[in-house]
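I opened this model to look up a few things about its pocket and its helices. Here are my notes, in the order I made them.

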Amino acid sequence: MSFAEKRLWIELAASLAVWGVYFTRLIGWIDAGGLQDPEFAATMGGHFVLAVAAGVAIRVVLSLIARRVTPRAELRVRDEREDLAALRATFAGHALLGGLVLGVAAVGYVAG
């Protein structure tokens, strides 16, 4: 697997992990009546900032590890597999983001 493919898998895994935890917590809090809590916006805003920072940190650390274990010759190689992997990762990321936004909207609609 090329370095670019490894990086794309890292992006997908980090996004799923970090935003999965964030949206699970958000939906759980909304479901428990958290919209009535005056601290809701401040707490979830803080969790959002933490999720962004954690996502960046995970990507950086895993990318550095992937770079260390990838042979030097593969770091410079770019072929059609990388373009296909980038396309698939972009599609999966956008599908996931769209699904999460729809999920939050549905929870907000039901809770409201």
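**Pocket first**

I looked up the lining of the largest pocket, and its largest share, seven residues, comes from α1. I am working with a predicted model, where local features need pLDDT of at least 70, side-chain atom pairs count only at pLDDT 80 or more, and totals for chains, interfaces and linings use all residues. Residues are numbered from 1 along each chain as its sequence is written, and side-chain values use heavy atoms, with hydrogens and water left out.

I noted that α1, α2 and α4 (80-111) each give at least two residues to that lining. Helices here are DSSP runs of H or I, at least four residues, numbered from the N terminus.

The largest pocket holds about 310 Å³ of space. Of its 15 lining residues, S15, W19, G93, L96 and L97 are the closest to its centre. I sorted the lining into 10 nonpolar, three polar and two charged residues; Gly counts as polar in this scheme.

**Helix α1**

I checked the span of α1 (residues 3-31): its 29 residues reach 41 Å from first C-alpha to last, close to the 42 Å expected at 1.5 Å a residue. The expected span is 1.5 Å times one less than the number of residues. Just after α1, I found G33 with a positive phi of about 90°.

**T70**

I then went to the loop between α2 (40-69) and α3 (72-76), where T70 lies. T70 is buried, at 5% relative accessible area (buried means under 20%, with a 1.4 Å probe and protein chains only). Its side chain makes a polar contact of 2.9 Å with that of K6 (N or O atoms within 3.5 Å, one able to donate a hydrogen and the other to accept it).

Notes: Buried < 20%, exposed > 50% of the residue type's maximum accessible area, 1.4 Å probe, protein only. 1 Å grid on protein atoms, 1.4 Å probe; cavity = no way out; pocket = protein on both sides within 12 Å on 5 of 7 lines; lining within 4 Å. Points joined across faces, edges and corners; volume = space filled by probe spheres on them.
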